[in-house]
Structure formats: C-alpha cells, structure tokens
Amino acid sequence: MSLIITDDCHFSFNDYSSCGVYATPKKTDEKWVLDIKCLVDNMPQSALIRYTLSDKEGGVYLQTESEKTELTLDCGSPVLWNGIENPYLYTLKCEIINGAAVLDCVSFKVGFRTIETDSEKGCFLNGKYIKLKGVSRHQDRENMGNAITEREHREDLELILSLGANSVRLAHYQQNSYFYDLCDEYGVLVWAEAPVISSFSPAKQENAKQQLCELVKQNYNHPCIFCWGIENEITQNKKNAKSKALVPCMRELNALVKSLDSSRYTTCAQLSILDSSSPLNAVTDILGYNHYFGWYDFGFDFLNKWLDNFHSAYPETKLCLSEYGAEGLVNLHSASPVQGDYSEEYQCRFHEEYIKAISSRNWLWGSYVWNMFDFGAANRHEGGVTGKNNKGLVTYDRKTKKDSFYLYKAFWSSEPFTHICGERFKNRKAGLYDIKVYSNKETVNLTVNGREYTQHGEKIFIFPEVEIAAGENILTAGEHTVIINGCAETDPAYSIPSESSFVRNWEKKSPEEAVNYLSPESTVKELVLSEDAHIMVNGKLGKDLLKNPLLKLIYPMKIKTALKLGRRLGLTENECELLREYTYAIHK
C-alpha cells in the first residue's frame, strides 16, 4: 500500500486508476505522430503542460509547451520498437507547470511500432514477417501464490526469453504492471486479457465491462501489448456453445474495447467444442482456438485436420492456436508413452506434433503453449498430484526445465545447444532404447559408454536401438551428459496405478455436471448411443469400434466389466485401453 500526495492540480487518478495520460503512436504517410490525451483535475487557466519526449540515452528528442490537454506531436522518423531484435523505448514526460512551479508530473515509456495480421500471410511487425512464438503465463509460484516480487517476475521473463519465445499470453487476468514493463524493455509482444472466462452469462456483463476498462486504461501505454483479449472459453458449458445470448454480450464487450483503444486488435480464445461456424468467431479482429487433441480427446494427429479444415472453410479469419498442452510430471516416465499417462515423455510426443503443425503453416499468425509454468489449480487431482496443473514446460518452483522446454528451444532459439531427453528416466530395465536428443544444430553426435553415434537432421534427433547395459551408462551429446542406470526392471515409481492414469475431462466440475459424462460405471448402451463417443473413437483409430453388433448383447453391462471381455468382442488390447481412457472424456 502506498500514499500518493499531490497538488490540487494534478493528473487524474479517477479514470479507472490509470495514470491520467494516454499516448498513441501513429504512422501517417512517411512520418510518425504521437497523439496525447491528458486528464487533469483542477487545472488553473495560467497553467501549461510541458511535453518532453526523450530518447533511450536521455537526450531530448522533442519538447513543447501548451495549454492544451490534448495534442499531436510530430515525431518525424523515430527509432522503432522492433520486438526482441531492438526494443527501442523513448520516455514521455508530461509536466503541469504554473510559472516556475511544477505541479505534477507523469512519465512512462513509449514505443513506435506497427503490427498487422493477414489471414494468408501471417503476422508482420513494422512491415516484416514475424511468427509469434508464444507461451501462456500464470504468475503464481509454489508456496508464494501471487504474492511474488520483482525478482520472480524477472526470472519468469528470463526463462521465457531463454526458450526463444517472442510473445506471451498473460492469461486469464490482468497481471502485475512490472511484468508489462519488462516486456516493453525486452521486446516481448503481449496478449493481455480480462478474466471473462468459462461459464460466462449475461448476468456477468457489467463486471466484465468494468474489468476490461481497467485492463485497457491502466495498461494503455505499453508498446508490448498488441491485442486485448475479451474472453476465454466462455462456451466451456456445451449449452453456452449454442447460446444466442452470448453473441450480443461479446459484441458489446468488443465495441467497448475498440472505443477505448482503436489502435490495437481485439481477440478471444475459443474452445474446441465451439463449432467453427459460430457467430462468436466473427466478433473480434483476430481469433484464437484452444485445442487439446491428444490429451483430453482424439489424438494429436487430429490437429492438422482441424487446422486445414478451418482455414479452408474460413480463409479470411486471422487464426492462431491460443492454447494447447499436455501434462508432464517429472517423476513419471515411459519408454512407450501413451496418451493420458502423465509421463514427461508423452508430453514431449504431444508437443513434437503440435510444434511441427504450427511451424509448417505461415498463415497461422501465432501460437501459445499452455503453459510456460506449472501453476496452482485447487480443483484438480491429476496424475496423483492434487491442486496443480502440470502442463508447464517448467515446474511450479521454476527449478526444473522439462524435456519439452528444450523441444521449443530447438525450434525457436538461435542459441546453440544440445539436450538429451530422459535424464530423469534414470533407473530403467537394461536393453535397447531409442534415445532422443533435441538440438538446433545440424548434426548431433551421441556417445554412449564410449561408442559414438551420429545423426543429421533438424531439431529432433532419434538414435534407434541404443544399448543401455546393466549398471551405469554415460550418455553425452554436445555439452549435455546424463547417466542412466541399467536395472533388472524399470523403477515402478515411474508410472502411476492404472486406475489413476485416466485423463479426466476438465469440463467435469461437480457431481451435478458429471452426470453428463460417461465413466467406467456407465453402461455399454450409454457408450454406444453417445454421438461424441463415436466421433472420438473413430477419430483416434480410423474405425468405429462402437458399431460392433456384438455390443448390443451386453447393453446392460457396465463399461468396466465389458472391457474385460474385450478379446471375445474382437478388440485388441490397445483398443480396449483407448475405450477405457476415453470414457472419462465423453459426453453422454
């Protein structure tokens, strides 16, 4: 808490707690101007406002005095704020002067830049193509919650930058102003958003409008912010996905933000279950979709189909992938990872397919990994961990970079490095293994117990059938060395009990809502009659197991019992496992 003491004449604090000065850089023809609007309380007629724009070194770039509280400064050809490449910042100082006295002063950083998106060509910063390589960020910390200091904020940004990211989505609420300052300073483009989220209803509209006003006005002057997010997954409830009442609500919110700031894009993040043809997708300037194909439902290969189908049907829509991810627990491991096992290895497989899909589509203006860091989630019990979402590329305490972190570093960073995956998969059964290495080098040499292997490729290097002998095995690639112990059996602590390993669809929030979902306790008839079940199973396996006529004979049987008869029904072990897994994620 702080106490602010001012003269009777001062820049206003009463416009949603903004600083009282709004500066809008604009490019007109071949020059730049700075539109400035000051809100001043109790300004005497004899007072003036002195406007000073200083360069990065502190030299005066231009200065003028005026009785006007709104004016346009001709800024000529300033150095541009050019993202991470050159985040050049000027400082604007506005002083209320009355004779020799300075009654009040406000100063902040200003950056001159343009950002444009095109539905076919992607994103352009200052006229140059840029792929927004983004991560989403929650600011809470283990044993600290949101009560973190500037030190923790800076550490977060340093980790994001070390990954090679150039953009961050600050989800799903306004975050500490210091973090926006850091993004200005280091050139990270920011998607800022208000907490209009999940099961939204018209009754929440006034609160949403207030929070959007606060978000925009308090952060208006940050050059790092390129878009305002007006909502996230408001159709999480399937009834909302078909609700006509939400469309006028969102249009009102969008119009509000555009009235507050016409210089930036508006955006939103939709959930997979929202039909591509929904009018909600036409509300904002640019659009994001949150997809978890390969985690909650379908397989990760379904992403390519969805992206291409959407772009073909709606070629004018400026689309990004606003969320995607899979849980990866650093204590769980598998040489044969499968969907829903919470292993660090499956998280890698999931992200490998997603990053390849994203990188191969220039029209996709950006993407945001969910999440940069594990974060607190009181209503979760996932993979044997309570109260936490483990989809981060870095652990909650920021001490461990998961293998998937290095996958993105390989694709995004220019800093040469080599990383051997599976370092924490330490005690495994002796035998032959495919060893995976992530690197942004063209050639990787892997040495295992003195024997050298070489692979040429790009980003993901697989060394097949490498022997892990009994005892200690030393693996070295580039600057990275790991030790794997060849044992009689793989440490059983690396996997969780099968009854705990199913991914529970995050839409299930309460016992009341759970009745709309299948579970192993549901009947075979409920499974067969579920339209979603047919879509999911067919999407994963390429064939519809649920049309097997033998299933009609066991309609009254519980799913968990029927799966024990899988072989008699002609199902493979893998198909039984998939059906068992999906029953937690299928709507009735």
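1. On angles between elements: those under 35 degrees count as roughly parallel, over 145 as roughly antiparallel, 65 to 115 as roughly perpendicular, and the rest as oblique. Axes are lines fitted to C-alpha atoms, for helices over the stretch in contact, with angles from 0 to 180 degrees between N-to-C directions. The axes of α1 and α8 cross at roughly 55° and come within 8 Å. The two helices α1 and α8 are therefore oblique to each other. On the α1 side the contact is made by L159, S162 and L163, and on the α8 side by F405, Y408, K409 and W412. By class, this contact of α1 with α8 has five nonpolar residues, one polar and one charged. For these classes, Ala, Val, Leu, Ile, Met, Phe, Trp, Tyr, Cys and Pro are nonpolar, Asp, Glu, Lys and Arg are charged, and the others, Gly among them, are polar.

2. On the source: this is a predicted model, in which local features need pLDDT of at least 70 and side-chain atom pairs count only at pLDDT 80 or more, while totals for chains, interfaces and linings use all residues. Residues are numbered from 1 along each chain as its sequence is written, and side-chain values use heavy atoms, with hydrogens and water left out.

3. On the chain as a whole: it has 13 helices and 32 strands. These are DSSP runs numbered from the N terminus, helices being H or I of at least four residues and strands E of at least two. Of the 588 residues in the chain, 55% are buried. Buried means under 20% relative accessible area, exposed means over 50%, and partly exposed is in between (1.4 Å probe, protein chains only). Among contacts in the chain with a separation of 6 or more, 65% are between residues 24 or more positions apart. Contact here means heavy atoms within 4.5 Å.

4. On α1 itself: helix α1 covers residues 150-163, and its 14 residues should span 20 Å at 1.5 Å a residue; the end C-alpha atoms are 20 Å apart, which agrees. The expected span is 1.5 Å times one less than the number of residues. Which residues of α1 are buried? They are E152, H153, D156, L157, L159, I160 and L163. Seen down the axis of α1, these fall within an arc of 155°, so they line one face of the helix. The arc is that of the directions from the helix axis to the C-beta atoms. The buried residues of α1 pack against β15 (132-137), β16 (167-170), α2 (177-186) and α8 (403-412). G164 follows α1 and has a positive phi, near 100°.

5. On α5: the 15 residues of this helix (residues 246-260) should span 21 Å at 1.5 Å a residue, and its end C-alpha atoms are 21 Å apart, which agrees. L246, V247, C249, M250, L253, N254, L256 and V257 are the buried residues of α5.

6. On backbone geometry to check: the peptide bond from A171 to H172 is cis, with omega near -10°, and H172 sits in the loop between β16 and α2. Another cis peptide bond joins W370 and N371, with omega about 15°. N371 is in the loop between β22 (366-369) and β23 (375-382). N449 is a residue other than glycine with a positive phi, near 50°. It lies in the loop between β28 (443-448) and β29 (451-456), and N449 is partly exposed at 42% relative accessible area.

7. K459 belongs to strand β30 (residues 459-468) and counts as buried at 17% relative accessibility. S439, in strand β27 (residues 431-439), counts as buried at 0%. Leaving aside neighbours within four places in sequence, S439 is in contact with A410, F417, T418, V444, K459 and F461. S439 and A410 are 29 residues apart in sequence, and their C-alpha atoms are 5.0 Å apart.

8. On two other buried positions: F310 is in helix α6 (residues 302-313) and is buried at 3% relative accessibility. Beyond four places in sequence, F310 touches S276, N281, L287, Y289, T317 and L319. K402, in the loop between β24 (385-389) and α8, is buried with a relative accessible area of 0%. Beyond four places in sequence, the residues that K402 touches include E344, D374 and R424.
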